Structures are given as C-alpha cells and as structure tokens.
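This report is for a reader who is new to the structure shown below.

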Amino acid sequence: MSNKLKWGILGTGMIAGKFAADLPKSNTGALVAAGSRTQESADRFAGEYGGKGVEGYEALVNDPEVQAIYNSLPNGLHHEWSIKAMRAGKHVLCEKPFALNVAEAEQMFAVSEETGMVLIEAFMYRAHPQTQKLIEMVRGGVIGDLKLIRSAFTFYKEPSMNDARYHPSQGGGAIMDVGTYCVNLTRQLAGSEPTEMQAIAHLYEGDGVDDYAAGMMRFGNDLLTTFTCGMTVYSDQGTYIAGTGGTIKINAFWFCEEGFTIIKDGKEEFVSVDEPRPLYAVEADAFAASVLGGAEPWMSKEDTLGNMRAMDELRASAGVPVE
Ligand SMILES: NC(=O)c1ccc[n+]([C@@H]2O[C@H](COP(=O)([O-])OP(=O)(O)OC[C@H]3O[C@@H](n4cnc5c(N)ncnc54)[C@H](OP(=O)(O)O)[C@@H]3O)[C@@H](O)[C@H]2O)c1
C-alpha cells in the first residue's frame with residue numbers, strides 16, 4: 001500500500017462503484033476512503049469495496065491519508081469539489097463532462113496551476129490503448145483524408161427527477177452526459193477544433209433537459225461530422241469514419257470492449273488491442289503516471305477546454321435550458 005497512490009472517492013453512486021471495483025486491478029492505486037452525504041451510504045460503499053466510509057465531502061477532501069480524489073459527483077458539483085480538493089492538496093481525476101461550462105473549466109485549471117495539483121478529465125475511453133491506436137491510425141492516414149464522421153451514444157433509462165441528469169442546474173441532458181463523448185472523439189480524430197457547429201434537441205416534457213439531441217460540426221473546408229445522443233433511446237454506440245481511402249466502422253467503442261474495423265480496397269481488417277486491466281484500472285494507472293511520474297495527461301487541458309467550448313455552443317444552438 002505504501003508505494004500506491006491513495007485514492008478517495010467523492011460520492012457513492014453508480015460510476016463510483018465501477019471505479020472502486022476496478023481499482024484493485026490497477027498497478028498503482030489503492031482505495032482508502034469514500035465520502036458521501038450520509039454516513040450510511042459511505043459505510044455501505046466501504047463494506048462493498050474497502051477503505052473507510054467518510055460522512056461529508058469536506059471531510060473526505062481534507063482526509064490526510066488521501067492523495068488523489070476521484071470526483072464522481074453530478075456535473076454541477078465538479079467545479080466546487082474539484083477546487084476544494086486541490087486547495088486541500090489533493091490531485092483530482094474529475095468525471096466528464098468536466099464542468100457546467102468553459103468558464104468553470106478555466107477556473108478549475110487556474111487552481112490546478114496555482115496549487116500544482118494534477119487535474120484531468122475522466123474520459124476513461126481516451127486512456128485506453130485501443131482508442132489511442134485508433135486516433136494514431138486515423139491521423140496517420142490509414143483511410144486517407146477524412147471527409148465524414150458520424151458518431152452516436154444513446155442509452156435507455158427510465159427518466160427520473162432523482163437523477164441529476166434531468167436537472168438543468170446540474171448540467172443535465174444528453175449532450176452533456178453522452179454527446180460529450182461523440183464531440184470529444186470527433187475533435188480528436190479531426191485533430192483540430194470545429195469551425196462551425198449546430199445542434200437540435202428534444203426537450204424532456206417540453207421545457208426540461210435535452211433527453212435526446214443531434215448535432216453537426218464542420219472542421220474547416222474538408223471534414224463534415226454529425227452525432228446523435230440520447231438518454232431515452234435504445235442503445236446505439238456506433239461511430240463511422242469515412243475518408244478518401246477507406247472507412248472505419250466501430251460498433252461499440254466507448255467502453256473499449258470492442259475494437260474497430262478498417263474497410264479498404266474491398267478488404268476488412270479488425271483491429272483490437274489486448275489490455276488485461278479493466279477500463280477504470282487503466283485510467284487510474286494513467287492518472288498515477290501523471291501524478292507520480294510526471295507523464296503528460298491523456299486528456300490535456302486544451303482538449304478539455306476545447307470540448308467544453310464546443311459543448312457550450314452546441315447546447316446554446318439547441319436551446320437547451322441552463323441555470
Ligand atoms: N466515465 C464514465 O464511464 C461515466 C459513466 C457514468 C457517469 N459518469 C459521470 O459520473 C458522474 C456521476 O454519474 P453517476 O452515473 O455515477 O451518478 P449517480 O449514480 O447519480 O451518483 C452520483 C452521486 O453523487 C452524489 N450526489 C451529490 N449530490 C447529488 C444530487 N443532488 N443528486 C444526485 N446525486 C448527488 C451522490 O452520492 P452520495 O449520496 O454518496 O453523496 C450520488 O450517489 C457524472 O458526472 C457522470 O457524467 C461517467
């Protein structure tokens with residue numbers, strides 16, 4: 001334990017559990033505590049995953065044993081608690097979408113620079129070698145010059161006002177929850193920022209968050225892209241990339257369980273990268289490499305800010321309510 005990065009988890013919800021379950025399979029991480037609004041939930045979590053249960057987020061970020069915080073709170077609490085954690089001397093892995101808007105994201109990075117604490121957006125799929133291979137191959141020209149990308153991330157879950165995803169004040173909505181992946185991958189494949197963008201959205205019960213949405217982004221003269229995202233739509237997690245020399249088809253990529261197929265010259269090549277560690281263990285190790293070894297983060301500050309900027313503009317163009 002002594003040479004491991006000691007993690008504290010903020011919140012005891014769904015993704016906190018997945019991260020905690022994968023952490024023991026990482027090479028570098030150990031769970032020491034989880035903080036919840038209630039002692040009961042903190043204790044239940046500790047009973048299931050180990051470490052100690054701490055009542056209150058303030059107590060967790062000030063726990064002297066904790067070196068790194070995984071901020072798995074709803075989107076509207078990323079800014080406040082990531083900043084409090086860094087000011088308490090903790091490095092922070094903050095869930096996506098990083099903040100409510102680009103202004104909040106800039107403030108968070110300013111505190112990271114001021115305190116010297118590492119701060120990285122938890123786009124887990126980007127830490128995985130398979131995603132890195134895809135980006136490297138596409139940017140290396142495996143299918144020629146890129147012309148069109150279409151990307152999707154939808155899932156069906158019964159709407160509930162107990163879910164922060166349905167609250168505008170918590171940065172809810174499909175664009176923030178899952179559209180953010182499509183925007184992120186598309187920008188990465190493009191290797192530049194969109195020059196023009198527009199989205200349309202269906203608002204839950206007429207004036208709520210965007211429970212499903214569609215968007216498009218142009219990158220300069222040559223690359224045109226579309227995406228669809230939704231929280232009340234049966235699962236579509238495909239991405240299709242078309243260039244002058246071939247196409248790439250990805251059926252389900254976001255959780256890195258499947259590889260991708262390159263189709264060119266009438267032949268199909270399936271590419272997948274073996275990775276024995278589960279996804280969130282890969283992410284925890286990549287984070288530790290930045291904290292302990294000074295490695296470049298897999299998600300840079302510029303990447304996170306570019307994503308937030310695009311999301312701000314897309315949501316505004318779609319008339320999504322923000323509070
Ligand atoms: N990277 C990924 O694969 C991935 C996947 C899913 C979600 N996420 C992101 O992770 C974050 C959490 O998502 P989740 O699905 O884990 O959500 P969740 O199951 O609802 O958990 C969120 C936790 O935050 C705490 N919380 C504090 N104030 C809350 C409020 N007003 N409403 C609801 N919860 C509140 C609660 O913990 P306590 O009761 O213990 O205080 C709750 O369990 C979001 O930013 C989401 O976008 C990432």
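## Arg 277 and its surroundings

Arg 277 touches Lys 25, Ser 26 and Val 282, leaving out residues up to four places away in sequence. The model is a predicted one. Arg 277 sits in the loop between strand 15 and helix 9 (279-293). Arg 277 counts as partly exposed, because it has 15 C-beta neighbours inside 10 Å, and a residue is called buried at 20 or more and exposed at 12 or fewer.

Arg 277 can also be set against Thr 304. The two are 27 residues apart in sequence, and their C-alpha atoms are 25 Å apart in space.

## Two domains

The domain assignment divides the chain into domain 1 (5-122) and domain 2 (126-278 + 305-317). Taken over C-alpha atoms, the centres of domain 1 and domain 2 are separated by 26 Å. The contact between them takes 15 residues from domain 1 and 13 residues from domain 2.

On the side of domain 1 that touches domain 2, helix 5 (residues 102-115) provides the largest share, three residues. By class, this side of domain 1 consists of seven nonpolar, four polar and four charged residues.

## The nonpolar core

The largest nonpolar core has 98 residues. Within this core, the residues with the most contacts are Ile 9, Ala 34, Ile 175, Ala 213 and Cys 229. Helix 8 (residues 174-190) supplies the largest share of the core, 10 residues. The core lies between domain 1 (5-122) and domain 2 (126-278 + 305-317), because both give residues to it.

Ala 34 is one of the residues with the most contacts inside the core. Leaving out residues up to four places away in sequence, Ala 34 touches Gly 8, Ile 9, Thr 12, Ala 16, Ala 20, Ala 42, Phe 45, Ala 46, Gly 51, Gly 53 and Val 54. Ile 9, one of these partners, is itself listed among the core residues with the most contacts.

## The shell around the ligand

Which residues come nearest to the ligand? Of the 20 residues around the ligand, they are Gly 11, Thr 12, Gly 13, Met 14 and Ser 36. Thr 12 is also among the residues that Ala 34 touches.

Helix 1 (residues 14-22) gives the most to this shell, with three residues. By class, the shell divides into nine nonpolar, seven polar and four charged residues.

## Strands 13, 14 and 15

Strand 13 (residues 247-250) pairs with strand 14 (residues 260-264) in the antiparallel sense, over three bridges. Strand 14 is in turn joined to strand 15 (residues 267-271) by five bridges, and these two strands also run antiparallel.

The loop between strand 14 and strand 15 holds Asp 265. The hairpin of these strands has two residues between them, and Asp 265 takes a positive phi near 50 degrees there, although it is not a glycine. Asp 265 counts as exposed, because it has 6 C-beta neighbours inside 10 Å and the limit for exposed is 12 or fewer.

## Other backbone features

Cys 256 lies in the loop between strand 13 and strand 14. Cys 256 is not a glycine, yet it has a positive phi of about 60 degrees. Is Cys 256 buried or exposed? It is buried, because 21 other C-beta atoms lie within 10 Å and 20 or more are needed.

A cis peptide bond leads from Lys 96 to Pro 97, with omega near -15 degrees. Pro 97 is in the loop between strand 5 (91-94) and helix 5.

## Ala 242

Ala 242 belongs to strand 12 (residues 239-243) and counts as partly exposed, with 17 C-beta neighbours inside 10 Å. Apart from its neighbours within four places in sequence, Ala 242 is in contact with Lys 147, Leu 148 and Thr 247.

Ala 242 and Asp 145 are 97 residues apart along the chain, while their C-alpha atoms are separated by 8.5 Å.

Terms used. Residues numbered from 1 in each chain as written. Predicted model: local features only at pLDDT ≥ 70, side-chain atom pairs only at ≥ 80, totals over all residues. Core = buried A, V, L, I, M, F, W, Y, C linked by C-beta atoms within 7 Å. Helix = DSSP H or I, 4+ residues; strand = E, 2+ residues; numbered from the N terminus. Domains from an automatic or database assignment. Contact = placed C-beta atoms within 7 Å. Near = placed C-beta within 6 Å. Nonpolar A, V, L, I, M, F, W, Y, C, P; charged D, E, K, R; others polar. Pairing = 2+ DSSP bridges.
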